[in-house]
Amino acid sequence: MSQQYTIADYLFDRVAEAGASEIFGVPGDFNLTFLDNVLASDKLRWVGNTNELNAGYAADGYARERGFAAMVTTFGVGELSAINATAGSFAEYAPVLHIVGAPSTALQDSKRRIHHTLGDGIFNHFIKMVEPVTVARAHITPENAASEIDRVIRLILKKHRPGYLLLSPDVARLPIYPPTTKLDDSQEDITSQAALTDFKQALTEFLPNKTTTLMADLMVHRLGLQPQLKALIADTDVPYTTLSWGKTLLDENSDRWAGTYAGVASRPVVKDAVEKCECLIKIGVQYTDTTTAGFSQDIDENVVVDLHYERASISGKNFAPIALKDALQAVHEVMTSGINIVPKPFCEPVKPHKQNGKDDEAIRQDDLWHIIADRLDHNNLVFSEQGTAYFGISDVRLPEGVTSYGQPMWGSIGYTLPASLGAAIASPNKRSVLLIGDGSALLTIQELAVIIKERINPVIVLINNDGYTVERAIHGENQYYNDIPKCDWQIMPQAFGATEANSLLLKAETAGELKSALDKAAATTDKLVMIEVIADKHDIPPLLADISAALKPKADS
């Protein structure tokens, strides 16, 4: 007799169908029995994490690469540890399903003081807590299992944001029929053809003879529209830029790359290209304070063609509903229809970087990120921590094919270490490169144990600049609260399983030593490589200096 097909089987089959082949998480007594279903699955693999927060970060990184991820935690203590990661996934459009193992229905019905609860006999506190950071939630019962599992996963895929399922082990064991429909059967086309026709006509009238610049951002990546955007770039001659949130969407080594736009913190050539053009085509752009130096962009909305998730606008006039992919296709068609498109001329040449310090001198932040960028290749997934790393790498040209990730909206320090693990597992043919400061690394360093166990062999560039340098730049340059405990980073990885056989630990104090270490890292693909880079605690990248000035707390008026 064949083994009975259960609700847990249904759930994990749908998880696999949505695009995941691994599941992250931490075991707990309320999820253990249905974790057996994961182990028994021929479609999924369990990746255990060192804590639930790191599991959530890893799932977020995985979702950015795969388009969907799943994690499992236990009730109360586990899910609340993960909620920070879920909030980041919501803020940054990472489609992660959080599956929570709940006490059995008998225990819930008894309303007794059960561990991992608040002891008040109420079991819906935590599903209410996740409401603001999820697009869909469900408490799975025998009656609603198929419909609610499908509804939540479909909404995650449609909205590109997290969802939540609460599942008791006794419910997970119950029989159910396997799915007979596909998850994407209900993916409707939201575009109004009438709105699209009017938008194209308005574009045809608006675009001719205007100096034009194109700006792309995050949502192009999250909706998987990079090929469509690159086709538009290939068929036109307009210059282009991204915000740091959309970095590496486009070829940054082209003569048409103006640079990264960051409001008043922008280099003069990109500021002029964006703010002085007669037509600015924005594709999937979302401004944040950290990507615009405190919303300091100076853009006349009357010159803007703005393509959003489900609408488009020209000079503030909205055309909706239009899906971003359809609006982007419309722009492509109109711009190549024979009308006169005028590329915005650059106000000055875009100059290559010249190293400021000498190779035998201490490493400088205005050289550091260029040295790293010069040694990346098309196969790298670059995760830059929300500190000097993010602002340093945002301002330099990265090679074509590199994928750059950060977390400028949510900005939870420590995020990138587990996230780089998740992304590397999602795309095993790519090599992750983690750029992280010593202060941030201390929050999530224990996930090194999983990185080593999984043998994903990343390059980790750890900036040892003695504390929270990004915070010093904003306020408290020499204050005690911006200091961190002293650590020996050369032996730290050994506590988590690093050996000479699986890891290479290097240290660089000069620009020349850094170049040599990065060359060794590129040549050592069969090991984790960690390079400890010694930097001055008060030295910051030029872009961060400008942005921190805009973000400094203002004195009370």
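**Around D251**

A: D251 touches Y240, W257 and E400, leaving aside residues up to four places away in sequence. Contact means heavy atoms within 4.5 Å. This is a predicted model: local features need pLDDT of at least 70, side-chain atom pairs count only at pLDDT 80 or more, and totals for chains, interfaces and linings use all residues. Residues are numbered from 1 along each chain as its sequence is written, and side-chain values use heavy atoms, with hydrogens and water left out.

Q: Where is D251 placed?
A: Helices (H or I, at least four residues) and strands (E, at least two) are DSSP runs, numbered from the N terminus. D251 sits in the loop between β8 (240-242) and β9. Its C-alpha atom is separated by 8.3 Å from that of L398, 147 residues apart along the chain.

Q: Is D251 buried, partly exposed or exposed?
A: Buried means under 20% relative accessible area, exposed over 50%, and partly exposed in between (1.4 Å probe, protein chains only). D251 has 27% relative accessibility, so D251 counts as partly exposed. K247 is in the loop between β8 and β9. K247 counts as buried because its relative accessibility is 3%. The contacts of K247 include T242, E252, I393 and L398.

Q: How is empty space found?
A: Rolling a probe the size of a water molecule over the atoms shows where empty space is left. The search uses a 1 Å grid over the protein atoms alone. A cavity is a set of points where a 1.4 Å probe fits but cannot get out. A pocket is an open set with protein on both sides within 12 Å along at least five of seven lines. Lining residues have an atom within 4 Å of a point. Grid points are joined across faces, edges and corners, and a volume is the space filled by probe spheres set on the points.

Q: How many cavities of 30 Å³ or more does the whole structure hold?
A: The search finds one. The largest cavity has about 40 Å³ of space. Among its lining residues are K230, T248, D251, L398 and E400.

Q: What lines the second largest pocket?
A: Its lining has 30 residues, with K351, P352, H353, H370 and R397 nearest the centre. The pocket holds about 570 Å³. α14 gives the most to this lining, with five residues.

Q: Which backbone angles deserve a look?
A: Most residues other than glycine have a negative phi, and most peptide bonds are trans. T248 has a positive phi, near 75°. T248 counts as buried because its relative accessibility is 15%. Y93 also has a positive phi, about 60°. Y93 lies in the loop between α4 and β4. The peptide bond from A320 to P321 is cis, with omega near -5°.

Q: How do I read the sheet, and what is its strand order?
A: Two strands pair if DSSP finds at least two bridges between them. The open sheet has six strands in the order β2-β1-β3-β4-β6-β5, with parallel pairing. Its edge strands are β2 (45-48) and β5 (136-139), each pairing on one side only. Four bridges join β1 (residues 22-25) to β2. F24 has V47 as its bridge partner in β2.
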